[in-house]
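Here is my note on the model, as numbered points. Please read it with the coordinates open.

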Amino acid sequence: MQLDIRAQTLLKALVERYIADGQPVGSRALSKISGLDLSPATIRNIMADLEELGYVASPHTSAGRVPTPRGYRIFVDTLLTVQPIDESAVESRLRPQAHPPQKLIANAAQMLSSLSQFAGVVLSPRRESAFRQIEFLRLGEKRILLVIVAPGGDVQNRLLLTDVDYTPSELVQSANFINQHYSGLAFDEVRTRMQGELRQLRDDMGRLMQAAVEAGSEAMADSSDDMVISGERNLLSVSDLSSNMSSLRQMFDMFEQKTGLMQLLDVSSKAAGVQIFIGGESNLIPLDDMSVVTAPYEVNGRIVGTLGVIGPTRMAYERVIPIVDITSRLLSNALSHG
């Protein structure tokens, strides 16, 4: 339903006042702060209509009202006035060529956290599934270090425990075979191709290569370091979140498990610009009193990841939105020119 201008003005005033002080807002306060020349009775009628529409709610202990997630949604979608932010305050920490990519990503998460005073999160670019070359290093009897070099130069290590004690020359021979035949392919593709081609090799050499492909596939699929979170402890000082032990447990379970948060960030990478997920409306964040503001970032024009701020539903969206927007643009610029 389309709200008329009076209802919009009162809802905007109520949300802004509630974000500022966290107390239910009464009709008398609204008549002072809204700038509307309306009688208290008219304001009460409009607020009753807003409550019936699900935009505000009345706590049992108060005559005032508070915004619902639906009220916050209409506020951020249609009523919000975003505040400009000084880009120079954040630019120095995300300069091109100043740091390697992972350091820039960590800096972006810390910056989101320190500027918003909530938690900052960055979903790192997906790791390349292909490899440029591998090496086997003998660490001891039946213990081999598999070194995987990705096309972009990223290096992954995995320990292989084998049934056979391979000689250094056998390890070199096996690595050379894989590099010559399969370099540039994803490990899953190598697994398929290898099945028909290993008959020409000794059984134990084939087993070593299959073990390398399995370990390589796991290494490239490992997402344990694909999300950087900074400032979770800031949320402990947010009374809306910390006053409820059940909510607090859910929140830290979410940070520990990461799955829902990663899905949410992955979803928002497919949309342009800043996205705002309020309360439980995404079905991926378990808390009604928590919101996530996200934006995708790019490398050379291609979206590779997402970043954002996690905080209470009662956050100053007009400040957080530009923080997220500017950080995504600066990180894109730094990674593209780094």
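1. Contact in this note means heavy atoms within 4.5 Å. This is a predicted model, in which local features need pLDDT of at least 70 and side-chain atom pairs count only at pLDDT 80 or more, while totals for chains, interfaces and linings use all residues. Residues are numbered from 1 along each chain as its sequence is written, and side-chain values use heavy atoms, with hydrogens and water left out.

2. Overall make-up. The protein chain holds 13 helices and ten strands; these are DSSP runs numbered from the N terminus, with helices being H or I of at least four residues and strands being E of at least two. Its radius of gyration is 27 Å, well over the 20 Å given by the globule rule for 338 residues, so the chain is more spread out than a compact globule. That radius is taken over C-alpha atoms, and the rule is 2.2 Å times the number of residues to the power 0.38. The C-alpha trace spans about 90 × 40 × 35 Å along its principal axes.

3. Burial and surface. Of the 338 residues, 46% count as buried (buried is under 20% relative accessible area, exposed is over 50%, partly exposed is in between; 1.4 Å probe, protein chains only). The chain exposes about 16900 Å², and carbon and sulfur atoms supply 47% of that area; the areas come from the Shrake-Rupley method with a 1.4 Å probe. Among contacts with a separation of 6 or more, 60% are between residues 24 or more positions apart.

4. Charges. The mean positions of the 32 positive and 39 negative charges are 3 Å apart. Lys and Arg count as positive and Asp and Glu as negative, without His or the chain ends; each charge is placed at NZ of Lys, CZ of Arg, CG of Asp or CD of Glu.

5. How many residues of β9 are buried? Eight of the ten in strand β9 (residues 290-299) are, and the strand is mostly covered. Strand β8 (residues 275-278) runs antiparallel to β9 and is joined to it by four bridges, with I276 partnered by V293. On pairing with strand β10 (residues 302-312), β9 is again antiparallel, over ten bridges; there P296 has T306 as its bridge partner. Strands are said to pair if DSSP finds at least two bridges between them.

6. Positive phi values. Most residues other than glycine have a negative phi. N300, in the loop between β9 and β10, has a positive phi near 50°. The hairpin there has two residues between the strands, and N300 is exposed, with a relative accessible area of 61%. Q117 also has a positive phi, near 65°. Q117 lies in the loop between α6 (101-116) and β3 (119-123), and counts as partly exposed at 48% relative accessibility. I would look at both loops by eye.

7. Helix α7. N179 is found in helix α7 (residues 168-182). Is N179 buried or exposed? N179 counts as buried, because its relative accessibility is 19%. Leaving aside neighbours within four places in sequence, N179 is in contact with F131, Q133 and I134. H181 is also in helix α7, but counts as partly exposed at 41% relative accessibility. The C-alpha atoms of H181 and M194 are separated by 9.4 Å, with the two residues 13 apart along the chain.
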